[in-house]
Amino acid sequence: MLYLVRMDVTPPRDMPEEEFSRIKAREKEYALGLQRDGRWRHIWRVVGQYSNYSIFDVSGNDELHQILQDLPLYPYMTIAVTPLAAHPSALPGQ
Ligand SMILES: O=C(O)C[C@H]1C=CC(=O)O1
């Protein structure tokens, strides 16, 4: 199943920059792993915001929920999930 996910990150005000940098480095490794195995299909920065739009291709709600909950930045995120279905006007394979 495909999901459009928006993640808005609010960095903690009281966390030392070095500690937050370490969390971001773990987040990047985690995100790269999921991109390499095909489950995190796209990630795009929202211009001017500490936010992204991503497309996930996973088995369903439970897998996506686990993936999102395991994001190192999860405690500092607001997440919106939109499940996607095939559009009848889409070219085959799109
Ligand atoms: O920067 C972000 O948008 C938040 C998060 C999502 C992937 C990643 O590496 O960081």
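How many nonpolar, polar and charged residues does the shell around the ligand have? The shell has six nonpolar, one polar and three charged residues, where Ala, Val, Leu, Ile, Met, Phe, Trp, Tyr, Cys and Pro count as nonpolar, Asp, Glu, Lys and Arg as charged, and the others, Gly among them, as polar. This is a predicted model, in which local features need pLDDT of at least 70, side-chain atom pairs count only at pLDDT 80 or more, and totals for chains, interfaces and linings use all residues. Residues are numbered from 1 along each chain as its sequence is written, and side-chain values use heavy atoms, with hydrogens and water left out.

**View 1. Shell around the ligand.** Val9, Glu27, Lys28, Trp40, Ile43, Arg45, Tyr50, Asn52, Leu73 and Met77 surround the ligand (a heavy atom within 4 Å). Strand E2 (40–45) and helix H1 (17–36) each supply at least two shell residues (DSSP runs, helices H or I of at least four residues, strands E of at least two, numbered from the N terminus). E2 gives the most, three residues.

View 2. A side-chain N or O atom of Arg45 is 2.7 Å from an oxygen atom of the ligand. For Asn52, a polar side-chain atom lies 2.8 Å from a ligand oxygen atom (a polar contact is a pair of N or O atoms within 3.5 Å; within protein, one must be able to donate a hydrogen and the other to accept it, and residues adjacent in sequence count only if both atoms are side-chain atoms).
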